[in-house]
Amino acid sequence: MTSPRPPAVQLSIVIPTFNERGNIAELVRRIDNCMGDTPWEVVYVDDNSPDGTAAAVRELAQTDGRVRLVHRIGRRGLSSACIEGMLASTAPFIAVMDADLQHDETLLPHMLAALRNDGLDVVVGSRHADGGSLGDWDAGRAKISDVATRLAKLVTQAELRDPMSGFFMLRREVLYEAMPKLSAIGFKILLDIFASVPRPLKFKELGYTFRNRFSGESKLDSMVAWEYLMMLLDKRVGHIVPVRFVPFAAIGAAGVVVHMIVLWLMFKSMGQSFAAGQTLATLIAMTANFFFNNAFTYRDRRLKGWGLLRGWLSFTLACSLGAVANVGIATYLFRENTADWALAALSGIVVGAVWNYAVTSVYTWGK
Ligand code: GDD
Ligand code: MN
């Protein structure tokens, strides 16, 4: 005799986690309390947290079949975790929420009802809609969030009052409409979705009060702000150049300044030979560029320990070849009179920069 089948899951709740072990069971308990008889599943997406979050999820899943785990090893990122969790889920409706109990789970049934009954694409849990609030936030954090919210206007026309929200629910189809264009960078997956779907989304915001963390610590840091800017930039220029090329080129330009300062110090101020000054300046500028790119452009693939030495070697080697190509092409264009001096120089620089970017993206920071 076959056993009765459990009813089909209606709602998949995707929850990204990094060091959230103390929140796992409590969140599932609270979801269970408020979902009534709607069949749901929870998909935790853990980036191999050192505190053993994945093991805690597996343990819970042993006694509760509605709990599932996507365990990512060697990867980091809130948005990309949410995307993989959504893709690994199966219900017609998908919610995304934080693990730390700051999002009000009692909103879930209301979000689902709104999606079903009002023919919407997305329902957003909002701190700025009626009935919503930032909770205990101090003025400083509220101000930063306000600036970020205004910047969101650069990438979406939608009149979203809380585009920075990480608490929302959507119809599965919307995910696939967004998929081809998602940037998957940083923390702001909702904004990424709004900016990626090539039509205005039908949405509604439901207010809730942002709570304090239940257990553990926030992962929000200055780098999250940087990744936010990269995500906005990717939305604006990503179809023209790879977004990483922008900080790479900017750091390269700053490297020229570093070069000139070192050269000036050595040659003009300390009376060393031009060749010695130029050599040291080149080395220092390349090294500075390597460390800045490692810290910013490739923050998510940051090299550490011995990897730094290997990375530095491949970076300086690649950039040395880039410099040879730069000088070769510029000199050729200048000599053949195909371009005037400034244009010849600029052509060399562009070819060198593209070479440096392409080669180091594969050999220095590729995997
Ligand atoms: N898998 C994975 N990988 N999860 C992550 C990562 C990561 O690299 N970084 C953070 N998370 C998870 C956390 O474990 C938590 O469940 C959730 O993402 C939010 O991270 P917090 O560190 O709690 O961030 P927050 O509270 O400052 O920011 C949140 O609040 C915003 C509202 O201001 C984010 O969730 C935003 O999406 C939300 O809108
Ligand atoms: Mn949080």
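How many residues does helix α10 have, and how far does helix α10 reach from its first C-alpha to its last? I found that α10 (residues 274–297) has 24 residues and reaches 32 Å, close to the 34 Å expected at 1.5 Å a residue, where the expected span is 1.5 Å times one less than the number of residues.

**Ground rules**

I note that this is a predicted model, in which local features need pLDDT of at least 70 and side-chain atom pairs count only at pLDDT 80 or more, while totals for chains, interfaces and linings use all residues. Residues are numbered from 1 along each chain as its sequence is written, and chains are lettered from A and ligands numbered from 1 in the order in which they are written.

**The chain as a whole**

I looked up the elements and found twelve helices and seven strands in the chain; helices (H or I, at least four residues) and strands (E, at least two) are DSSP runs, numbered from the N terminus. The C-alpha atoms fill a box of roughly 85 × 50 × 40 Å along the principal axes. Of the 367 residues, 37% are buried; a residue is buried if 20 or more other C-beta atoms lie within 10 Å of its own, exposed if 12 or fewer, and partly exposed in between, with C-beta atoms placed from the backbone. Among contacts between residues at least 6 apart in sequence, I read that 77% join residues at least 24 apart, a contact being a pair whose C-beta atoms, placed from the backbone, lie within 7 Å.

**Two spans from UniProt**

UniProt lists "domain: Glycosyltransferase 2-like" (unreviewed entry) for residues 12–176, and I found that this span is 37% helix and 19% strand, with its end C-alpha atoms 15 Å apart. UniProt also places "domain: GtrA/DPMS transmembrane" (unreviewed entry) at residues 248–365, a span of 84% helix and 0% strand whose end C-alpha atoms lie 12 Å apart. I keep in mind that UniProt positions are given in the numbering used here, that feature names are shortened, and that annotations may be inferred rather than shown by experiment.

**Back to α10**

Which residues of α10 are buried? I listed Gly277, Ala281, Ala285, Met286, Asn289, Phe290, Asn293, Asn294 and Thr297, and what covers the buried residues of α10 includes α9 (245–269) and α11 (306–335).

**Nonpolar cores**

A nonpolar core is a set of buried Ala, Val, Leu, Ile, Met, Phe, Trp, Tyr and Cys residues joined through C-beta atoms within 7 Å. In the largest one, of 63 residues, I found that Ile13, Val14, Cys82, Ala95, Val123, Phe168 and Met169 touch the most other members. Helix α7 (residues 189–196) gives the most to this core, with six residues. A second, separate core of nine residues includes Leu263, Ala281, Ala285 and Phe315.

I then followed Cys82, which touches Val14, Pro16, Val45, Val96 and Ile189 when residues up to four places away in sequence are not counted. Val45 lies in strand β2 and counts as buried because 28 other C-beta atoms lie within 10 Å. Leaving aside neighbours within four places, the contacts of Val45 include Val14, Val70, Arg72, Ala81 and Glu84.

**Around ligand 1**

Of the 22 residues around ligand 1, I noted that Pro16, Ala81, Gly166, Lys219 and Leu220 come nearest, a residue being near if its C-beta atom, placed from the backbone, lies within 6 Å of the molecule. The elements that give two or more residues to this shell are β1 (11–17), β2 (40–46) and α3 (78–88). By class, the shell has nine nonpolar, six polar and seven charged residues; Ala, Val, Leu, Ile, Met, Phe, Trp, Tyr, Cys and Pro count as nonpolar, Asp, Glu, Lys and Arg as charged, and the others, Gly among them, as polar.

Most residues other than glycine have a negative phi. I therefore looked up Asn19, whose phi is positive, near 55°, and which is partly exposed, with 19 C-beta neighbours inside 10 Å; Asn19 lies in the loop between β1 and α1 (24–34). Asn48 also has a positive phi, of about 55°, in the loop between β2 and α2 (53–63), and counts as partly exposed because 14 C-beta neighbours lie inside 10 Å.

Methods. Contact = placed C-beta atoms within 7 Å.
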